[in-house]
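Please consult the sequence and the structure shown here alongside the text.

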Amino acid sequence: KSKLAGHLEPGLLSNLMIASGRSWDILAQAKTVFSSNFLQNLGYQAISPDNYQKFILFLSCLEVVDKLTKLEDPHPEVFDLLVNVLKCLDQSNQIATGLCWIFFFKLFYLLGYGPDLEKCVKCKAPYSSNYVSSKHGLMKYFLSLPEGGLICQNCYHSIAEPLHATA
């Protein structure tokens, strides 16, 4: 076992120097930059239920990133998002399940899976908050999850059940 393995635990932010080997890369140097309070003593029996829940939430975030990205494709914005989640969980006194949902939404958006909220996905008419409400109080734009974004009132009739979008 490597003496540097402790720097590779989930939830630790570490600077690594990796040397290319013949068949395997080698961890040559490691330095932990940030270690969260809720992850300390995780391997011991004295962990609180709140810290355990935070750890599970953070692992969920890591797993989704692992499944949606490739190791060889750099995504610095996704990395920054993960670091922010780790720091927010560390500073929070509560179990922050809402934080993880926000993380998932932002992650999907960064990776190109988010809904289009800038224009109608059917006719490409740009969304403007000036056109949101009509004289009858009806919305002129609707959110359609199956279509992947906003739908203008002109295209509204071609969809089954949109959700009303608010400004």
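Helices (H or I, at least four residues) and strands (E, at least two) are DSSP runs, numbered from the N terminus. On that basis the secondary structure of the chain comes to 3 helices and 5 strands, which follow the pattern β-β-α-α-α-β-β-β along the sequence. The model is predicted: local features need pLDDT of at least 70, side-chain atom pairs count only at pLDDT 80 or more, and totals for chains, interfaces and linings use all residues. Residues are numbered from 1 along each chain as its sequence is written, and side-chain values use heavy atoms, with hydrogens and water left out.

**Chain overview**

- Of the 167 residues of the chain, 28% count as buried; buried means under 20% relative accessible area, exposed over 50%, and partly exposed in between (1.4 Å probe, protein chains only).
- Among contacts between residues at least 6 apart in sequence, 48% join residues at least 24 apart, where contact means heavy atoms within 4.5 Å.

- Two packed helices are described by the angle between their axes and the distance between the axes.
- Axes are lines fitted to C-alpha atoms, for helices over the stretch in contact, and angles run from 0 to 180 degrees between N-to-C directions.
- Helices α1 and α2 pack at an angle of about 175°, with their axes 10 Å apart.
- The pair α1 and α2 is therefore roughly antiparallel; angles under 35 degrees count as roughly parallel, over 145 as roughly antiparallel, 65 to 115 as roughly perpendicular and the rest as oblique.
- On the α1 side the contact is made by Lys54, Phe58, Cys61, Leu62 and Val65, and on the α2 side by Val78, Leu82, Val85, Leu86 and Leu89.
- By class, the residues of this contact of α1 with α2 divide into 9 nonpolar, no polar and 1 charged; Ala, Val, Leu, Ile, Met, Phe, Trp, Tyr, Cys and Pro count as nonpolar, Asp, Glu, Lys and Arg as charged, and the others, Gly among them, as polar.

**Packing of α2 with α3**

- Helix α2 (residues 76-91) and helix α3 (residues 97-110) pack at an angle of about 175°, with their axes 10 Å apart.
- Helices α2 and α3 are therefore roughly antiparallel to each other.
- From α2, the residues Glu77, Val78, Leu81, Leu82, Val85, Cys88 and Leu89 meet Leu99, Phe103, Lys106, Leu107 and Leu110 of α3.
- The contact of α2 with α3 has 10 nonpolar, no polar and 2 charged residues.

**Helix α1**

- The 20 residues of α1 should span 28 Å at 1.5 Å a residue, and the end C-alpha atoms are 29 Å apart, which agrees; the expected span of a helix is 1.5 Å times one less than its number of residues.
- Lys54, Phe55, Leu57, Phe58, Cys61 and Val65 are the buried residues of α1.
- They cover an arc of only 160° around the axis, which puts them on the same side of α1; the arc is that of the directions from the helix axis to the C-beta atoms.
- The face of α1 turned away from its buried side carries the exposed residues Pro49, Glu63, Asp66 and Lys67.
- Cover for the buried residues of α1 includes α2 and α3.

**Helix α2 and valine 78**

- Helix α2 has 16 residues and reaches 23 Å from its first C-alpha to its last, close to the 22 Å expected at 1.5 Å a residue.
- Its buried residues are Val78, Leu81, Leu82, Val83, Val85, Leu86, Leu89 and Asp90, and what covers them includes β1 (12-19), β2 (26-35), α1 and α3.
- Valine 78 is buried, with a relative accessible area of 3%.
- Leaving aside neighbours within four places in sequence, valine 78 is in contact with Val65, Leu107, Leu110 and Leu111.
- Valine 78 and leucine 110 are 32 residues apart in sequence and 7.3 Å apart in space, C-alpha to C-alpha.

**Helix α3**

- The buried residues of α3 are Cys100, Phe103, Phe104 and Leu107.
- They cover an arc of only 100° around the axis, which puts them on the same side of α3.
- The cover over the buried residues of α3 includes α1 (49-68) and α2.
- Tyrosine 109 lies in α3 and, at 48% relative accessibility, counts as partly exposed.
- Just after α3, glycine 112 takes a positive phi of about 90°.
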